[in-house]
Amino acid sequence: MYTGECFLNRLTESIAAYFTLDRVYLCELALEVDSCHLLAAYGSKGQIANPESFQMAGPFGVVIDRGNLVQEMSVLEHFPADIQLKALRAEAFIGTVLRAESDDPIGGLFIIHHEPLPEARLIATVIGQLAPRIGAELERQQHEVEVRKSEARLRALTDQSKDAIFFLQLLPSVEIQYISPAVSTIFGLPQEAFHANPELVFEMLDAQERPRFRQALESGSEEPFVAKIHRPDGLTRWVEYRDFAMWDDKRLTGIGGTIRDVTGRVEIEDALRAGEHYVRSLLESIPDTLVLVRMDGVVLDYVPGEVNAGFGDPEQVKGRNLKELMSPAIVGVLERCMRAGSRSQKLQRVQFEVPSERPRSYDVSCLPFGQGALLLVLRDLTAQKWHANEERRQQLRDEIDQRIERPARSNAYGLTYRELAVLALVVEGMADKQIADELGISIYTVNKHVGNVLGKMNAASRTEAGVRAVKEGLLPRDQAP
């Protein structure tokens, strides 16, 4: 009767047959070292008690502790509490420990006989001489088992991985020796297709990526490589290759590594870049000047507005201190605003004027912007203040005109001369700014006149007012829109 590996089975059979023994057991120590697992056994007449393991107590424990044990007879009298010996009806017992190359115990060889063994010492000497050879074989088989287990665990991990794991042999011939199931999900083709055509990974690359990918492979580069692939189902994906090269002397013999689908990451990065570009373009389109500064006044970023506050080239401004760019008085105002904004973490506003031949007025908003930074929004108020004064002057002129003007003709809507003039230019398709330039009045006044015309005529739009004015004879026919 055989169990376990063929060599160990033959060994137990040979020992039992040579010495005419009842039973021979060959065991290995369990990991917890409190029991021995049975690997092989042989019993005369083809029948043996075949426990899965022997507990490390009684004579079995003595063998492991001392290295060997010989009991020619009455073994049960020496170990009366050992249930396993009773079950095996043991009278004689011989055991020797099996050791690894490191001299650590890894198993035991046990002989049990139903009657006294006068030659027990001789048998013990023989199996003691065989023990190193048996121990070496047992250790070899244990290593093989561990390798198989490791391979199985590795295969399970690679088979479950979302990354495709591969090994490409280059010499003596190009051959994919292994590629994991994830390749089907990434590339949309079965594993067998890649074994049949090792160039398939290369062929599915975007044409523009192939030269760079080929160069990376041939050089044995281990830098991550991101490339676009075109799947047979029409989908376009982005994949990242992480390779390691295998060399024989100076020859590249193989490449292993992983392939990961990074489409989501690439799309997010593209969206972020597009978003950053959009935000930057948006900021650059804002007429205000934007200055990102640290609390110590060093400029981190600068986006000039329509009027750049005299700072100059943005690239020459970054890294410089506000004290180098503006007068001490203005910097003092800004620093107080910045300190208040930093303390309160709320928007602060301040206005100041830059003296010169043509003084300029600015409004500054100070906003907390991340850790230890503030955003200054500088708005030029010079033109706005000029327009405000001009509007007051023009309003005065308009009031005088309205008092002395008379309607050019009577009309059902009671439109004034100036309102008729504005309506005529509206019919010609002019915008409010053009009308203001044409009549020499402010755009605010034009807006007021247009609003009056629409209100008096009860018109929903400028176009409706213009069409009705022509049809009803308020304006000449040649002005029809």
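Helices and strands are DSSP runs, numbered from the N terminus. In this predicted model, Pro 172 is found in the loop between β7 and β8. The peptide bond that joins Leu 171 to Pro 172 is cis, with omega at about 5 degrees. Most peptide bonds are trans.

β7 (164–169) and β8 (175–179) each supply at least two residues of the lining of the second largest pocket, as do α8 (200–203), α9 (210–219), β10 (236–248) and β11 (251–261). The largest share of this lining, four residues, comes from α9. In total, 19 residues line the second largest pocket, and Leu 168, Leu 170, Pro 198, Phe 213 and Leu 217 lie nearest its centre. The lining comprises 15 nonpolar and four charged residues, with no polar residue. The space in the second largest pocket amounts to about 310 Å³.

Two loop residues other than glycine have a positive phi. Ser 74, with phi near 55 degrees, is found in the loop between β4 (68–71) and α3 (75–78). Residues under 20% relative accessible area are classed as buried; Ser 74, at 18% relative accessibility, therefore counts as buried. For Asp 103, phi is near 75 degrees, and this residue has its place in the loop between β5 (92–99) and β6 (105–113). Most residues other than glycine have a negative phi.

The buried residues of α15 include the charged Arg 418 and Glu 419, together with Leu 420 and Val 422. Also buried in α15 is the stretch formed by Leu 423, Ala 424, Leu 425, Val 426 and Val 427. Gly 429, which follows α15, has a positive phi near 90 degrees.

Helices α16 (residues 432–439) and α17 (residues 443–457) pack with their axes 8 Å apart and at an angle of about 110 degrees. Angles of 65 to 115 degrees are classed as roughly perpendicular, and α16 and α17 are therefore roughly perpendicular to each other. On the α16 side, the contact involves Asp 432, Lys 433, Ile 435 and Ala 436, which meet Ile 443, Val 446, Asn 447 and Val 450 of α17. By class, the residues of this contact between α16 and α17 are five nonpolar, one polar and two charged.

Definitions and conventions
Residues numbered from 1 in each chain as written. Predicted model: local features only at pLDDT ≥ 70, side-chain atom pairs only at ≥ 80, totals over all residues. Heavy atoms only, no water. 1 Å grid on protein atoms, 1.4 Å probe; cavity = no way out; pocket = protein on both sides within 12 Å on 5 of 7 lines; lining within 4 Å. Points joined across faces, edges and corners; volume = space filled by probe spheres on them. Axes fitted to C-alpha atoms, helices over the stretch in contact; angles between N-to-C directions. Parallel < 35°, antiparallel > 145°, perpendicular 65-115°, else oblique. Contact = heavy atoms within 4.5 Å. Buried < 20%, exposed > 50% of the residue type's maximum accessible area, 1.4 Å probe, protein only.
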